[in-house]
Amino acid sequence: MSFNDIFKSSFLESVTEFSVLDTLIGLAFSLVVGLFIYLIYKKTLTGILYSSGLALTLVGLTMVTTLVIMAVTSNVVLSLGMVGALSIVRFRAAIKEPVEIVFLFWALAAGIVIGAGMIPLAVIGSIVIGGMLLLLANRKYNDNPYMLVLRCADEKAEDGAMALLKDSGCRSKIKAKTVSQNGTELSVEVKLKDASTGFMHAISAVEGVQSASLVSYNGEYMS
């Protein structure tokens, strides 16, 4: 047997191990799971934290990982070559939020599990993970504090504004206080009892309160 015969025989044998139906089924499920991850990402990360590019990457990453794992599991020799090829890949995309790492690993894990043929595990696991992220994201949104910035002419105005804030039922904590010849500036962390911000009008009406600003605050930045 010549070298060409050996090559042709090996090539044809690899082709016969390829299943079009299994590939289509695996890619279809990876697409569904990838879209589910995309929806969870869109629901949990909104505003400036949301990245449309990363959202699309999550769907593609799930499908590509599934395709790679299906190829690796069908041929041991190919798996060794694939490990060597992937080892030279470098990801240099900047991660804006730590939670984005969770979605990237989720997409990778789902693709690996589907590619290995454990589709029920990927579906059930994704539903559980997605539900957990939605629950925690909604709770974080409801507990989101605010930063109240007060400019008062004197100490009497400061005491009056803080008394009104306490009477409104909001939990408050002074974060910073600056005293100058022009008056006092207070930065107060406020956790609202509900979505109502009517107390701001009462605080602004206090004699000696020059200005009152309420901004969303998550402990790292203000928006």
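Predicted model: local features only at pLDDT ≥ 70, side-chain atom pairs only at ≥ 80, totals over all residues.

Reader: What share of the 223 residues is buried?

Author: Here a residue is buried when its relative accessible area is under 20%. Counted over the 223 residues of the protein chain, the buried share is 28%.

Reader: Which pattern do the helices and strands follow along the sequence?

Author: The protein chain has 8 helices and 4 strands. Read along the sequence, they follow the pattern α-α-α-α-α-α-β-α-β-β-α-β.

Reader: Among contacts between residues at least 6 apart in sequence, how many percent join residues at least 24 apart?

Author: Contact here stands for heavy atoms within 4.5 Å. Taking the pairs at least 6 apart in the protein chain, the part joining residues at least 24 apart is 69%.

Reader: How far does helix α2 reach from its first C-alpha to its last?

Author: Helix α2 covers residues 20–44, which is 25 residues. At 1.5 Å a residue the expected span is 36 Å, and the helix comes close to it. Its buried residues include G26, S30, V33, I37 and Y41. From first C-alpha to last, α2 reaches 36 Å.

Reader: Is W106 buried or exposed?

Author: F36 has 28% relative accessibility and therefore counts as partly exposed. W106 has a relative accessible area of 6%, so W106 is buried.

Reader: What is the centre to centre distance between Y41 and F103?

Author: These two rings form an edge-to-face pair with 85° between the planes. Y41 lies in helix α2 and F103 in helix α5, so this pair ties together parts that are 62 residues apart in sequence. Both Y41 and F103 are buried, and ring pairs link F36, Y41, F103 and W106 into a cluster. For Y41 and F103 the centre to centre distance is 5.2 Å.

Reader: Which residues is S126 in contact with, leaving aside neighbours within four places in sequence?

Author: S126 is found in helix α6 (residues 119–142). Its relative accessible area is 3%, so S126 is buried. Leaving aside neighbours within four places, its contacts are V33, F36, W106 and A110.

Reader: Which helices do the buried residues of α3 pack against?

Author: Helix α3 runs over residues 52–74 and reaches 34 Å, close to the 33 Å expected. Its buried residues include L54, L58, T62, T65 and I69. Those buried residues of α3 pack against α2 and α5.

Reader: Over how many bridges do β2 and β3 pair?

Author: Strand β3 (residues 183–191) is mostly covered, with 7 of its 9 residues buried. β3 pairs with β1 (residues 146–152) in the antiparallel sense over 7 bridges, and L150 stands opposite L186 in β3. A hairpin joins β2 to β3 through 2 residues, and T178 has E185 in β3 as its bridge partner. Strand β2 (residues 171–180) is also antiparallel to β3, and the bridges number 9.

Methods
Residues numbered from 1 in each chain as written. Heavy atoms only, no water. Expected span 1.5 Å × (residues − 1). Buried < 20%, exposed > 50% of the residue type's maximum accessible area, 1.4 Å probe, protein only. Phe/Tyr/Trp six-rings, centres within 6.5 Å; stacked < 30°, edge-to-face > 60°. Pairing = 2+ DSSP bridges.
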